[in-house]
Amino acid sequence: MTPAPTIRRAIATGTVALIVCAGCNSPSVIEGPRLASNQTLRVMLQDEPSTLDPGQTQYPYENAVLRAISEPLVK
């Protein structure tokens, strides 16, 4: 056997070993964003919505309240 195929085989084996080790080196704990201790949604409105049913809202401010509540839940 010539030295060239042996060197190629060693390089290929080393490359595969590095790829496998890099794939296994994932963090065990994934931290998310820190949330505020008080999870209260405050919206300044002149009037209180008559309903939170999306099918029965009539005014733009009611839709704004529903959007502020539902969008973070959907995300």
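## Burial and surface

Buried residues, those under 20% relative accessible area, make up 8% of the 75 residues in the protein chain. A residue over 50% is called exposed, and one in between is called partly exposed, with a 1.4 Å probe and protein chains only. The model is predicted: local features need pLDDT of at least 70, side-chain atom pairs count only at pLDDT 80 or more, and totals for chains, interfaces and linings use all residues. Residues are numbered from 1 along each chain as its sequence is written, and side-chain values use heavy atoms, with hydrogens and water left out.

The accessible surface of the protein chain comes to about 7,200 Å², and carbon and sulfur atoms hold 60% of that area. Such areas come from the Shrake-Rupley method with a 1.4 Å probe; for residues, only the protein chains shown count as cover.

## Helices

The protein chain has two helices and zero strands. Helices (H or I, at least four residues) and strands (E, at least two) are DSSP runs, numbered from the N terminus. Helix 1 covers 3-24 and helix 2 covers 60-74, with a loop between them.

Helix 2 has 15 residues and spans 20 Å from its first C-alpha to its last. This is close to the 21 Å expected at 1.5 Å a residue, where the expected span is 1.5 Å times one less than the number of residues. Within helix 2, the residues E62, V65 and L66 are buried.

Side chains of opposite charge can pair when their charged atoms come close. A search of the whole structure finds one salt bridge, defined as a side-chain nitrogen of Lys or Arg within 4 Å of a carboxyl oxygen of Asp or Glu. The side chains of R67 and E71 form this bridge, at 3.9 Å from N to O.

Both R67 and E71 lie in helix 2, four residues apart, which is about one turn of the helix. R67 is partly exposed because its relative accessibility is 48%, and E71 is partly exposed because its relative accessibility is 40%. The C-alpha atom of R67 is also separated by 9.5 Å from that of P54, and these two residues are 13 residues apart along the chain.

## Residues of the loop

Q39 lies in the loop between helix 1 and helix 2 and counts as exposed, at 56% relative accessibility. A polar atom of the Q39 side chain lies 2.5 Å from the backbone oxygen of A36. A polar contact is a pair of N or O atoms within 3.5 Å; within protein, one must be able to donate a hydrogen and the other to accept it, and residues adjacent in sequence count only if both atoms are side-chain atoms.

T51 is also placed in the loop between helix 1 and helix 2. T51 counts as buried because its relative accessibility is 18%. Its side chain reaches the backbone nitrogen of D53 at 3.0 Å.

## A nonpolar patch

L41, L52, I69 and L73 make a nonpolar surface patch of about 420 Å². Patches are made of residues with over 30% relative accessible area and no salt bridge; like charges are joined within 9 Å, and nonpolar side chains (Val, Leu, Ile, Met, Phe, Trp, Tyr) within 5 Å. L41 lies in the loop between the two helices and is exposed, with a relative accessible area of 53%.

## An aromatic pair

The count comes to one aromatic pair. The rings of Y59 and Y61 have centres 5.8 Å apart and planes at 5°, so the pair is stacked. Rings of Phe, Tyr and Trp (its six-membered ring) pair if their centres lie within 6.5 Å; planes under 30 degrees apart count as stacked, over 60 as edge-to-face and the rest as tilted. Y59 is partly exposed, at 41% relative accessibility, and Y61 is partly exposed, at 24%.
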